[in-house]
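Please open the structure in a viewer and keep the selection tool at hand.

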There are 2 protein chains.
Amino acid sequence: MSSEVGTEALTRRGLMLVLSSPSGAGKTTISRALLKEEDNLVMSVSATTRPRRPGEEDGKDYFFVEPVDFNLMINRDELLEHAKVFNHYYGTPRAPVETALSEGRDILFDIDWQGTQQLAQKAGDDLVSIFILPPSTAALEKRLKTRAQDSAEVIAQRMSKASEEISHWREYDYVVVNEDVDHCLAEVKAILKAERLRTRRRAGLIDFVNRLREGY
Amino acid sequence: MSSEVGTEALTRRGLMLVLSSPSGAGKTTISRALLKEEDNLVMSVSATTRPRRPGEEDGKDYFFVEPVDFNLMINRDELLEHAKVFNHYYGTPRAPVETALSEGRDILFDIDWQGTQQLAQKAGDDLVSIFILPPSTAALEKRLKTRAQDSAEVIAQRMSKASEEISHWREYDYVVVNEDVDHCLAEVKAILKAERLRTRRRAGLIDFVNRLREGY
């Protein structure tokens, strides 16, 4: 008796890929390239209490909710992580993430070390976290300066926040140094490829192996 | 102040890569290709009590030791794993592995599920284990039959041993299905690339990050 590997054998649980880095280390470039090149990876959609801006789509850019509903979501433990930024709340709703994971789809999260810590507590084995380091402070400062016409004070604030973010690099599963975007992207893609092959995510192989063993 | 990433920043602890599979699933082909294409990966050299054959080199093919010395190695806990096969002992000496790991070199192990279990107990976080599944029993049987002019009985014995080996696939960190050698090799290489980027192996980055933070 022969058992060929079928599509269902490749069924697996999705994973949550977290990319964190100090502002200016090239994370946005890496995220965009990753989403473009990886078929089975989508960006996580956050819930927020901030007003919708022109051109933004509810359910695509954000889930726009009223503060009272956001509070209810917190109390019902319906958020995987949340934070307050400049008087507005942002958070990750649990339900769409759980649906995606159980359907074998991977989700990308662009969050900081605090969000990652919260997510790690609730997501456990589903989480794969990568910290992106800049190759030098000079490179970081240059990127922050060329990015916009911000004041020296604003740049100094960003540098201070970047330093705090970097201090948490050892809490991540993987660390990559973004000296070259293509090289760094290849490293992130290898991590994603490898983590998709983790035995514990590949419940779909159980039936395949059982049929394989019947063939002996 | 600027801190460029230097060579020493890339210093990391090596890892132990275990490949296991039932006989005939293509493991030897994958191992050879991997050793050829990966600069920083060497095959583990086992100690054995079996007599040296013509052309074999001590310290390269095996460490050839007397039975009494092999027993001493067991008693002194100098072996990471060992097994008896057809009246001869085989085992993995701990010292050369520890030297290689601390120098940042990776080591490949071609061992079965029992050796892997022993290794896992002693190596802990240094171990990365991959199980290679055949795409079908038909493919496996074909490979075992074409390999040599063995009797039906010998082939049946090998198939039985293969079935037992396969039953342990879920104890491994990763699982790959060898439907196509190039595809399977690419998956194993991605796993190796990713595991080299694990934060816990990259102690060499600590100084780099400290210099980076001083630059803020």
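Begin with the largest pocket, whose volume is about 1700 Å³. A pocket is an open set of points on a 1 Å grid over the protein atoms alone, where a 1.4 Å probe fits, with protein on both sides within 12 Å along at least five of seven lines; lining residues have an atom within 4 Å of a point. Grid points are joined across faces, edges and corners, and the volume is the space filled by probe spheres set on them.

The model is predicted: local features need pLDDT of at least 70, side-chain atom pairs count only at pLDDT 80 or more, and totals for chains, interfaces and linings use all residues. Residues are numbered from 1 along each chain as its sequence is written, chains are lettered from A and ligands numbered from 1 in the order in which they are written, and side-chain values use heavy atoms, without hydrogens and water.

Select B:Lys27, B:Asp110, B:Ile111, B:Asp112 and B:Lys161: of the 46 residues lining the largest pocket, these lie nearest its centre.

Finally, display both chains. A rotation of 180 degrees, with 0.0 Å of shift along its axis, places chain B on chain A with an RMSD of 0.0 Å; the two copies are thus related as by a two-fold rotation axis. The superposition is by least squares on C-alpha atoms of residues with pLDDT of at least 70 in both copies. Select B:Ala190, whose C-alpha comes closest to the axis among the residues of chain B, at 2.4 Å.
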